[in-house]
Amino acid sequence: MRSIQSFLFVILGLMAMLGTVASHNYADALTKSILFFEGQRSGKLPQDQRMTWRKDSALNDGADIGVDLTGGYYDAGDNVKFTFPMAFTATVLAWSVLEFGDSMGPDQHHALNAIRWATDFLMKATNKPDTVYFQVGHGQEDHNCWQRPEDMDTPRTVFAATIEKPSSDVSAEIAAALAATSIVFKYSDQAYSATLLSRAKKVFEFGHKHRGRYSENYAKPPGAVCPFYCSGGIAEDDLAWGAMWLFKATNYDHYYWNSAVNSSKILNHNLHEFGWEGKNAGINVLVSTIVNKDGGTNKSDTDPFIQNADKFVCALMPESPTKVVYYTPGGLLKLHGVNFKHASLTFLLVVYSRFLKEANKEIHCGHVVVKRNRLIEIAKGYVDYMLGNNPMNMSYMVGYGKKFPHKIHHRGASLPSMDKHPAKIPCANNHFFHHSDLNELTGAIVGGPFDNDSYVDDRNTVERSEPTTYMNAPFVGLLAYFNRPPPAYI
């Protein structure tokens with residue numbers, strides 16, 4: 001009886017969010033979600049930088065080893081550049097533009113700039129043959145120091161994967177990012193697109209030929225990878241992901257299809273996972289964008305992927321007997337108690353809903369029949385929840401709505417800007433840590449609420465209050481999808 005009551009409570013919560021609730025300005029939220037990436041930029045900032053409280057930083061990255069590793073993004077509220085999550089961010093941003101760029105309006109230009117800021121760095125990080133630079137900055141030293149990026153004097157240690165210590169996971173994700181972005185720029189900048197695709201092929205081959213996980217090979221050096229972005233399990237999901245994007249980018253070169261299929265043969269578990277460290281669900285949904293395309297694959301070849309994509313949907317539906325996620329009383333989707341995955345999982349729902357529409361298909365989750373509109377309902381409920389339709393009546397996007405977090409776990413946002421405080425601010429005993437943010441990191445999506453829908457505005461609650469690039473990236477796609485009149489997305 002208790003399980004039935006809990007189920008009904010979740011359904012009622014979802015109905016409340018999807019029914020008589022305040023509508024949201026998705027265009028405004030979309031603009032802000034893309035603007036966020038300008039606050040995460042590292043390196044020499046361009047003249048058209050809109051988040052003006054941020055200034056140049058880390059201008060000597062890589063100089064100690066004779067390599068230019070300036071640029072790119074800080075992953076979250078710290079000042080380290082982790083290539084693995086940065087590449088995933090670029091891939092999902094590119095995918096968002098490919099799927100929903102037509103509804104981004106003038107923000108599409110800024111989205112392209114956001115993608116290119118990442119891929120320009122990824123090109124630098126893979127410029128040396130058989131080498132992938134996967135981290136700039138000493139993780140532990142940086143995390144022990146609360147200092148704005150413009151001031152940082154912590155070690156900018158560079159970590160690289162080589163033939164002797166390979167990184168199939170990072171290499172494949174970089175290949176995916178470059179391949180996806182090559183499609184984005186295929187017509188607007190053909191030279192850049194061709195350069196990206198050529199590099200994607202080389203980096204993929206490096207990761208495919210020299211197998212190994214970067215966190216496994218760099219578990220001991222202090223400050224590297226773990227415990228920040230440990231790559232668990234195997235790298236086959238990353239290799240399949242990278243190969244599938246190359247298959248799409250090369251206009252269906254079946255070398256990459258076969259590679260993806262071979263890597264996917266052992267990926268029949270965790271079909272609901274999608275994030276920087278797990279690509280299973282993303283691979284299956286990505287295949288749905290290739291089905292029935294000229295020069296693509298036969299239906300019999302794609303059937304196993306589509307079947308797994310269906311299982312992914314069933315794993316997320318609250319009424320499904322095979323559900324593996326759970327929902328808060330207010331209706332927020334959760335997986336393993338981790339907040340950063342709900343945006344990426346929900347993004348896949350709207351992408352897959354397009355395939356269901358084209359194929360005139362419905363999904364059977366045991367005795368439960370799921371139609372494509374149900375996927376859109378769940379996705380819209382999630383977006384509206386994060387924008388303010390929740391028990392706290394607050395937006396989890398900084399700068400959107402009347403009530404949003406003001407003590408986010410972010411060094412640059414919490415400390416005085418260079419304009420207000422030109423003198424260097426040391427990292428030790430920083431009294432600004434406990435104050436409200438002095439700079440607005442507009443568009444930042446924070447981790448979000450506890451399992452009971454409550455939220456404490458406190459930057460000490462890192463999992464709840466820290467924004468990340470890889471959480472904002474899929475949210476950009478979601479907002480672009482809903483930035484149209486209802487008939488267009490239903």
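Mentor: Two strands pair if DSSP finds at least two bridges between them. Strands are DSSP runs of E with at least two residues, helices are runs of H or I with at least four, and both are numbered from the N terminus. The model is predicted, so local features need pLDDT of at least 70 and side-chain atom pairs count only at pLDDT 80 or more, while totals for chains, interfaces and linings use all residues. Residues are numbered from 1 along each chain as its sequence is written, and side-chain values use heavy atoms, with hydrogens and water left out.

Trainee: What makes β2 and β3 a pair?

Mentor: Strand β2 (residues 132–136) is joined to β3 by 4 bridges, and the two run antiparallel. The rule asks for at least two bridges, so β2 and β3 count as paired. Within this pair, Tyr133 stands opposite Ala160 and Val132 opposite Ala161.

Trainee: How many bridges join β1 to β2?

Mentor: There are 2 bridges between β1 and β2, which also run antiparallel; Phe82 stands opposite Gln135 in β2.

Trainee: What makes β2 largely enclosed by the rest of the structure?

Mentor: Buried means under 20% relative accessible area (exposed is over 50%, partly exposed in between; 1.4 Å probe, protein chains only). In β2, 5 of the 5 residues are buried, so the rest of the structure largely encloses this strand. Strand β3 (residues 158–161) is covered on both faces: Val158 and Ala160 are buried on one side, Phe159 and Ala161 on the other.

Trainee: Why is Lys341 called buried?

Mentor: Its relative accessibility is 6%, so Lys341 counts as buried. Lys341 sits in the loop between β5 (333–334) and α13 (342–359).

Trainee: Which residues is Lys341 in contact with, leaving aside neighbours within four places in sequence?

Mentor: Contact means heavy atoms within 4.5 Å. On that basis Lys341 is in contact with Glu273, Phe274, Glu277 and Leu335. Lys341 and Pro474 lie 133 residues apart in sequence and 9.6 Å apart in space, C-alpha to C-alpha.

Trainee: Which residues touch the most other members of the largest nonpolar core?

Mentor: A nonpolar core joins buried Ala, Val, Leu, Ile, Met, Phe, Trp, Tyr and Cys through side-chain atoms within 4.5 Å. Of the 152 residues in the largest one, Trp95, Tyr352 and Phe475 touch the most other members. Residues up to four places away in sequence aside, Phe475 touches Tyr382, Val383, Met386, Leu387, Met397 and Ile445.
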